[in-house]
Amino acid sequence: MVYRLFLIVSVLLTLCCSDDNDGFLEVALIGCGVDNPLKELEWLRSEVEKRKNDSSEEARYCYISQFEQDGQTYFLYEDCNPFIDKVIPVYNCLGENVGFVSDANFPFQIFMERTIIFNPENTLCDLSEN
């Protein structure tokens, strides 16, 4: 039992501490029936690639986070631009927009339990407190 726990913790630390992240924040996320949603969910991988290839100033403010609610995994397309008041869409594992932060289904408190899973290398966001 102790050996299994040690092995699991070792694997998670290896994944979390990778220096070769290519813009991805390597975290041990399991959701949507996959080990790594950023790489295994085609729609999410496409969105990340689109953001990585966007050289506009606006793209430097955008990032993606993930949270769990009622046993389901969801994704947020967030923005830290201080000059824009933006509605934050919520997507399910199929890439379908299922609501917005602070609507009846997704209270603002989800920000307290989310994990940032992608931000551009040249980000203008201070995500150290998130």
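Two strands pair if DSSP finds at least two bridges between them. Helices (H or I, at least four residues) and strands (E, at least two) are themselves DSSP runs, numbered from the N terminus. The model described here is predicted, so local features need pLDDT of at least 70 and side-chain atom pairs count only at pLDDT 80 or more, while totals for chains, interfaces and linings use all residues. Residues are numbered from 1 along each chain as its sequence is written, and side-chain values use heavy atoms, with hydrogens and water left out.

The strand pairings come first. In the hairpin of E3 and E4, five residues lie between the strands. One of them, Gly 95, takes a positive phi near 85 degrees. Strand E3 covers residues 89-91 and strand E4 residues 97-100. The two run antiparallel and are joined by three bridges. Tyr 91 stands opposite Asn 97 in E4.

Strand E1 (residues 62-69) is joined to E2 by eight bridges, again in an antiparallel arrangement. Here Tyr 63 faces Glu 78 of E2 as its opposite residue. The hairpin of E1 and E2 has two residues between the strands. E2 also pairs with E3, in the antiparallel sense, over two bridges. In that pairing, Leu 76 stands opposite Val 90 in E3. In a regular strand the side chains alternate between the two faces of the sheet.

Aromatic rings were examined next. Rings of Phe, Tyr and Trp (its six-membered ring) pair if their centres lie within 6.5 Å; planes under 30 degrees apart count as stacked, over 60 as edge-to-face and the rest as tilted. The whole structure holds seven aromatic pairs. One of them joins Trp 43 and Phe 75 edge-to-face, at 5.5 Å centre to centre and with 80 degrees between the planes. Trp 43 lies in helix H3 (residues 42-53) and Phe 75 in strand E2 (residues 72-79), so the pair ties together parts that are 32 residues apart in sequence. Both Trp 43 and Phe 75 are buried.

A nonpolar core is a set of buried Ala, Val, Leu, Ile, Met, Phe, Trp, Tyr and Cys residues joined through side-chain atoms within 4.5 Å. The largest such core has 12 residues, including Trp 43, Phe 75, Tyr 77 and Tyr 91. H3, E2 and strand E5 (115-118) are the elements that give two or more residues to this core. H3 supplies the largest share, three residues. A second, separate core has nine residues, among them Tyr 74, Val 101, Ile 110 and Phe 111.

Seven salt bridges were found in the whole structure. Each needs a side-chain nitrogen of Lys or Arg within 4 Å of a carboxyl oxygen of Asp or Glu. Arg 45 forms one with Glu 42, with the closest N and O atoms 2.1 Å apart. These residues are three apart in helix H3, so about one helical turn separates them. Arg 45 is partly exposed at 31% relative accessibility, and Glu 42 is partly exposed at 46%. Lys 86 bridges to Asp 79, the closest N and O atoms being 3.8 Å apart. Lys 86 is partly exposed, at 36%, whereas Asp 79 is buried, at 17%. Salt bridges with shared partners also join Glu 47, Lys 50 and Arg 51 into one network.

Backbone angles complete the account. Most residues other than glycine have a negative phi, and most peptide bonds are trans. Asp 70 is not a glycine, yet has a positive phi of about 55 degrees. Asp 70 lies in the loop between E1 and E2 and is exposed, with a relative accessible area of 73%. Ser 102 also has a positive phi, near 80 degrees. Ser 102 is placed in the loop between E4 and E5 and counts as partly exposed, at 48% relative accessibility.

Note on methods: Buried < 20%, exposed > 50% of the residue type's maximum accessible area, 1.4 Å probe, protein only.
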